[in-house]
Amino acid sequence: MKDVELVIKSNIKVSKDIYLMRLEGDTSEVKNCGEFINITLPNHYLRRPISVCDYSSDHIDILFKILGHGTKDMAGFEVGSKLKCLIGLGNGFNIRTDIKPTLIAGGIGIAPFMAVIKKYNSLGIRPQLFYGARSKDDLVILDEIKEMADIFMCTDDGSYGLKGTVLDLIKHENINVEYYYACGPYKMLEAIAKEFNDGEVSLEARMGCGFGACMGCSIKTTEGPKRVCKEGPVFKGKEVLW
Ligand SMILES: Cc1cc2nc3c(=O)[nH]c(=O)nc-3n(C[C@H](O)[C@H](O)[C@H](O)COP(=O)(O)OP(=O)(O)OC[C@H]3O[C@@H](n4cnc5c(N)ncnc54)[C@H](O)[C@@H]3O)c2cc1C
Ligand code: FES
């Protein structure tokens, strides 16, 4: 974990309420895809946790959706302004090469998968991605990832791809899910973890400290309570007591 000041290099609106922001500076503390950063916002007491969407040693990309006051403020931040961030937080995904990876994203849960897809590509593996959202406009960063993965899409309202959930989509495509990596709404993650044998889910929780000190983000697992910010946010699907 490292406390750094990062400069906003770009802050691009990619849909009605979703933004892709590039933060530049010393980001060498980010070690794994699936980690998150915790951003200090002016006039807000708690930091805001956001997944690392993509990273290198000198930048982090984040993809965020406006939910409340904090993310609304972030959408208005000017290029060139500085943000204080805690980086190198959380465990990240366990990138396995002994299986065919199936990535499953719901809504803004697509965020950590840009780095995961790039990581797999660098290992000579083209992953399959099942990506669901409320409607067509909520399917984002497709231009960035479309050449790097086999992408199947669905929407709740049927405005793009299959009308239904990602689980419907996987069944529709008759895909054998050997090992999954999933990120998205809690109900989606629960359904996936109960449907498939083996894989990992990236969970969200309301966070206090964000680095393991307050226990505010604990969840129940088969091995007792675990902190989403410290032992997570990535857990084996089967270890979470849903
Ligand atoms: C590990 C982790 C990674 C995340 N990654 C991303 C990401 O990549 N992109 C993204 O857009 N969002 C992500 N989130 C969610 C993000 O942290 C919240 O959307 C953000 O903190 C909301 O701040 P706000 O000030 O806009 O909303 P607030 O005004 O704080 O809250 C608005 C509403 O959202 C609810 N809420 C706030 N935080 C959370 C939360 N963590 N989980 C569930 N409900 C919440 C509140 O209860 C309230 O109803 C992540 C959360 C975690 C824990
Ligand atoms: S937010 Fe404090 S322990 Fe996780």
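Two strands are taken as paired if DSSP finds at least two bridges between them. Helices (H or I, at least four residues) and strands (E, at least two) are DSSP runs, numbered from the N terminus. This is a predicted model, in which local features need pLDDT of at least 70 and side-chain atom pairs count only at pLDDT 80 or more, whereas totals for chains, interfaces and linings use all residues. Residues are numbered from 1 along each chain as its sequence is written, chains are lettered from A and ligands numbered from 1 in the order in which they are written, and side-chain values use heavy atoms, with hydrogens and water left out.

**View 1. Strand β1 and its two antiparallel partners, β7 and β2.** Strand β1 (residues 2-15) runs antiparallel to β7 (residues 82-89), with six bridges between them. Within this pairing, Asp3 has Leu86 of β7 as its bridge partner. Seven bridges connect β1 to β2 (residues 18-24), also in the antiparallel sense. Ser15 stands opposite Ile18 of β2, and a hairpin of two residues links β1 to β2.

**View 2. Helix α2 and its buried residues.** Buried denotes under 20% relative accessible area, exposed over 50%, and partly exposed in between (1.4 Å probe, protein chains only). In α2 (residues 113-122), the buried residues are Phe113, Met114, Ala115, Val116, Ile117 and Tyr120. Their cover includes β5 (54-55), β8 (101-106), β9 (128-133), α3 (142-145) and β12 (179-183). Gly124, which follows α2, has a positive phi near 80 degrees.

**View 3. Cysteines in a structure with zero disulfides.** A disulfide is counted when two cysteine sulfur atoms lie within 2.5 Å. The closest cysteine sulfur to that of Cys33 belongs to Cys53 and is 11 Å away, too far for a bond. Cys33 is buried at 1% relative accessibility, and Cys217 is buried with a relative accessible area of 3%.

**View 4. Thr71 and the surroundings of ligand 1.** Thr71 belongs to helix α1 (residues 69-75) and, at 12% relative accessibility, counts as buried. Apart from neighbours within four places in sequence, Thr71 is in contact (heavy atoms within 4.5 Å) with Phe64, Lys65 and Ile66. Ligand 1 is surrounded by 19 residues (a heavy atom within 4 Å), the closest being Arg48, Pro49, Lys65, Gly70 and Thr71. A polar backbone atom of Leu63 lies 2.9 Å from a nitrogen atom of ligand 1, and a backbone N or O atom of Gly68 is 2.9 Å from an oxygen atom of the ligand. An N or O atom in the side chain of Glu204 is 3.1 Å from a nitrogen atom of ligand 1.

Conventions. A polar contact is a pair of N or O atoms within 3.5 Å; within protein, one must be able to donate a hydrogen and the other to accept it, and residues adjacent in sequence count only if both atoms are side-chain atoms.
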